[in-house]
Amino acid sequence: MVDLSTSIAGVHLPNLLFNASGVCCRYTSELKQLVESESGSLITKSATVEVREGNPSPRYVPLPHINSSINSMGLPNEGYEYYLDYAKQYDYTQAKPLFISLSGLSLADNQKMVEAFVAADLPCVLEINFSCPNVPGKPQLGYDMEAMENALKVLAPIINKPFGIKLPPYFDIAHFDAAAAIFNQFEHLAFVTCINSVGNGLAIDFETETALIKPKDGFGGLGGLMVLNTALANVNAFYRRLSPGKQVIGVGGVTSGKEAFLHVLAGASAVQIGTQLNEEGPELFGRVKKELEEIMRAKKYSCLADFHGKVKTL
């Protein structure tokens, strides 16, 4: 018998797997599917103040030959009040905790949404998205260290309980150092979720010589198996740098139990799944959970702590 349970921000999850924000979580009908699945938790679609339809289609295209995807969704969502209503009606007596993703287009927007959730005094956990790469004209906050620090100085005291932020991928050691130094200043910043999609890739159809997605002249975020190694690097870099007690949620490249295992080995306390969930549906969680259990039994690990963050180096 192996134990896949974990905790994030002081909240217990029956297992470590759940959806990445953006996949199967825009509507309450989709969130219901996640509740009924074998996931350990669920997170809502990144919310803005107003309803957004997002970018024109085609805006998501799978790349099945490499178990990956490209997208430029543009934050389609039902507006934060929709998800606030959902959070108010959520059954918190069930085993699965609820995470809420907020992605304001400005600091003022994030402040307004955070204040509304704080006023509601709910047991859901907030994840603030600092990393959407697909809103035309809006840079990723996660790449502006000064602005990111300023945002946390405003938002953290308002939230005043454990919360997390979703990050873009970093590629430079100096950026890992700088970002971690900022995060370690904030006591209630309990976790970082990394990574969001690798921004501004370009997928081209060989036969038609045409970009596969419409927004931004075909530029979009890359997800799926092709980003696994970048995701593992970000997970491990922050696992090594964050103050004791702060956690990492790993996301990127998970198609099976094997990649989930690698995320935990790199330092992830929980694992989110995006592209593969979009392609396979919520039944995915049962499969990945079973595969991870089989891997742990084969390696004689009884719980996640037995191998969490214990990747070996040469």
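Asp 121 is exposed, with 67% of relative accessible area, where exposed means over 50%, buried under 20% and partly exposed in between, for a 1.4 Å probe and protein chains only. Asp 121 sits in the loop that runs between helix H3 (107-120) and S8; helices (H or I, at least four residues) and strands (E, at least two) are DSSP runs, numbered from the N terminus. The model is a predicted one, in which local features need pLDDT of at least 70 and side-chain atom pairs count only at pLDDT 80 or more, while totals for chains, interfaces and linings use all residues. Residues are numbered from 1 along each chain as its sequence is written, and side-chain values use heavy atoms, with hydrogens and water left out.

The backbone of Asp 121 has a positive phi of about 55 degrees, although this residue is not a glycine. Lys 300, in the segment after helix H9 (284-298), likewise has a positive phi, near 65 degrees, and is a residue other than glycine. Lys 300 is exposed, its relative accessible area being 72%. Most residues other than glycine have a negative phi, and most peptide bonds are trans. A cis peptide bond joins Ser 57 and Pro 58, with omega about 0 degrees, and Pro 58 belongs to the loop between strand S4 (42-43) and strand S5 (60-63). The peptide bond from Cys 194 to Ile 195 is also cis, with omega near 20 degrees; Ile 195 lies in the loop between strand S10 (189-194) and strand S11 (198-202).

Strand S10 leads on to strand S15 (residues 247-251), since S10 and S15 run parallel and are joined by 4 bridges; two strands pair if DSSP finds at least two bridges between them. Within this pairing, Thr 193 stands opposite Ile 249 of S15. S15 is mostly covered, with 5 of its 5 residues buried: Gln 247, Ile 249 and Val 251 point one way, Val 248 and Gly 250 point the other way, and all are buried. S15 also pairs with strand S16 (residues 270-273), in the parallel sense and over 3 bridges, and Val 251 has Gln 272 as its bridge partner in S16. From S15 the chain crosses through helix H7 (residues 257-266) to S16 in a β-α-β crossover that is right-handed, a term that applies if, with the strands pointing away from the viewer, the path from the first strand over the helix to the second runs clockwise.

A further sheet is open and has 4 strands in the order S5-S6-S14-S11, with antiparallel pairing. S5 and S11 stand at its edges, each with a single partner strand, so one side of each is left without a neighbour in the sheet. Neighbouring strands of this sheet are turned by 40 degrees against each other on average, direction ignored, where the axes are lines fitted to C-alpha atoms, for helices over the stretch in contact, and angles run from 0 to 180 degrees between N-to-C directions. S5 and strand S6 (residues 68-71) pair in the antiparallel sense over 4 bridges, and the partner of Tyr 60 in S6 is Asn 71.

Ser 37 lies in the loop between helix H1 (28-36) and S4, and is buried, with a relative accessible area of 13%. A polar atom of the Ser 37 side chain lies 2.7 Å from the backbone oxygen of Leu 34, and the backbone nitrogen of Ser 39 lies 3.1 Å from a polar atom of that side chain. Not counting residues up to four places away in sequence, Ser 37 touches Lys 96, Pro 282 and Phe 285, contact meaning heavy atoms within 4.5 Å.

The structure holds 13 aromatic pairs. Tyr 86 counts as buried at 13% relative accessibility, and Tyr 90 counts as buried at 8%. Tyr 143 and Tyr 170 form an edge-to-face pair, 5.8 Å centre to centre with 80 degrees between the planes. Tyr 143 lies in the loop between strand S8 (125-129) and helix H4 (145-159), and Tyr 170 in the loop between strand S9 (163-166) and helix H5 (173-183), so the pair ties together parts that are 27 residues apart in sequence. Tyr 143 is partly exposed at 42% relative accessible area, whereas Tyr 170 is buried at 2%. Together with Phe 176, Phe 183 and Phe 238, Tyr 143 and Tyr 170 form one aromatic cluster.

Terms used: Phe/Tyr/Trp six-rings, centres within 6.5 Å; stacked < 30°, edge-to-face > 60°. Polar contact = N/O pair within 3.5 Å; in protein donor to acceptor, adjacent residues only side chain to side chain.
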